[in-house]
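Dear colleague,

I am passing on the structure we spoke about, and below it you will find what came out of going through it. Please have it open beside this message as you read.

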Amino acid sequence: MSRYLVTGGAGFIGSHLVESLLAEGHAARVLDDFSTGRRENLPPAAELILGDVADPATTSAAMAGMDGCFHLAAIASVARAAEDWPGTHRVNLGGTVAVLDAARARRVPVVFASSAAVYGDCADRPLTEAAPTHPLSAYGADKLGSELHAAVATGVFGVPTVGLRFFNVFGPRQDPASPYSGVISVFAGRLRAGAPLVLHGDGEQTRDFVFVADVVAALLAAMAWRGGTAAVFNVCSGRATSIRELAATLAAIAGLPPRLTEGSPRPGDIRHSLGSPEASRAALGLGPPIPLAEGLAAVWAWLGRP
Ligand code: NAD
Ligand code: UD2
């Protein structure tokens, strides 16, 4: 039994991780400010510290007695980072530095959430971890900054770190009501409400969608990994899906006709994003990804729960 701190543990990905940690017999302490996370996402067995990850005293107190830290707390939205650059920077980079600083006294291993957004519009397909990083958003820049600070934590202070570049994660508990939510939860929510699905642009842009259970498996494997150096790995499916194709697949699962409307393209929207899962599969021993249709069916079932 180990004791883990999960920052952002009341959020979408974090709450699935907390469930898995508890199911494996570990103790989980969550540091969250409930800005987008919810208390009802947390199993009763999880310990909760309500606070701000970017506050060094809070994060240092939360780290006390822990065997490892999963750092997921962030303002997880490209759009929100554009609206509030300094505020998101404080949390998205400042929070990571506070976590790494709290970890360094006892060299507590840290696995943290980075993002495919670090690649910006790099044309490589698929993107390997060796591809150049050119973030096009403040959000992506802070994730890249987090990776750089993690390399310092490992190289200079001996803190084991692994950064995971999540591509487009989806699954139950992603909030369909939030305008900042991922496209799958937005589309599922609108289908259920009988509203048309809005394509930003022509809908031919592609993404690499990865189901949340695969992300949790990668997080757990990364905590067990001891490569000795600061590492970053993609967490992706290795499959490209256009937004138009996504809309059609989801509508077919729902048994509803897809009503599509074309809206204006999002400023700065990346055209294609596809990750290579090879390095993470080899290093972390991950199995094949959950098929998109299977994950979409799980989201649809979750939305229709009583
Ligand atoms: P989420 O918004 O559901 O989870 C983030 C959690 O962090 C929430 O519970 C929120 O309340 C908490 N939080 C935010 N600011 C905080 C603060 N100052 N102090 C303490 N807690 C704070 O989002 P998610 O999709 O679960 O994202 C988890 C992590 O994965 C984030 O770091 C995000 O950037 C990263 N990520 C997500 C995706 C995706 O597709 N969902 C893709 C790439 C990276
Ligand atoms: C980026 C990151 C992702 C994560 C996320 C956090 C990339 C490739 N991905 O996701 O890893 O960090 O930011 O915010 O950098 N769309 C529609 N209609 C809608 C909603 C979205 O057409 O109603 C389109 C949108 O224009 C985009 C695609 O769907 O082309 C995916 O959008 P998203 O908001 O789910 O995620 P994205 O790729 O911005």
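**Ligand contacts and the sheet**

A nitrogen atom of ligand 1 lies 3.2 Å from a polar backbone atom of Asp33, and please keep in mind throughout that this is a predicted model. Taken alone, ligand 1 exposes 820 Å², of which the protein buries 91%.

The shell around ligand 1 comprises 28 residues, the closest being Phe12, Asp32, Thr36, Tyr139 and Lys143; by class, 15 are nonpolar, nine polar and four charged. Helix 1, strand 5, helix 6 and strand 7 each supply at least two residues of this shell, and strand 5 gives the most, with three.

Turning to the fold, seven strands form an open sheet with parallel pairing, in the order 3-2-1-4-5-6-11. Strand 3 (47-50) and strand 11 (231-235) each have a single partner strand, so one side of each is left without a neighbour in the sheet. On average, neighbouring strands of this sheet are turned by 20° against each other, direction ignored.

Strand 6 (residues 161-166) and strand 11 run parallel and are joined by five bridges, with Ala231 of strand 11 as the bridge partner of Val162. Helix 6 packs on the sheet, touching strand 5, strand 6 and strand 11, and its direction makes about 155° with that of strand 5.

With best wishes

Terms used: Residues numbered from 1 in each chain as written. Chains lettered and ligands numbered in written order. Predicted model: local features only at pLDDT ≥ 70, side-chain atom pairs only at ≥ 80, totals over all residues. Heavy atoms only, no water. Near = heavy atom within 4 Å. Polar contact = N/O pair within 3.5 Å; in protein donor to acceptor, adjacent residues only side chain to side chain. Areas by Shrake-Rupley, 256 points an atom, 1.4 Å probe, with all protein chains shown as cover. Helix = DSSP H or I, 4+ residues; strand = E, 2+ residues; numbered from the N terminus. Nonpolar A, V, L, I, M, F, W, Y, C, P; charged D, E, K, R; others polar. Pairing = 2+ DSSP bridges. Axes fitted to C-alpha atoms, helices over the stretch in contact; angles between N-to-C directions. Contact = heavy atoms within 4.5 Å.
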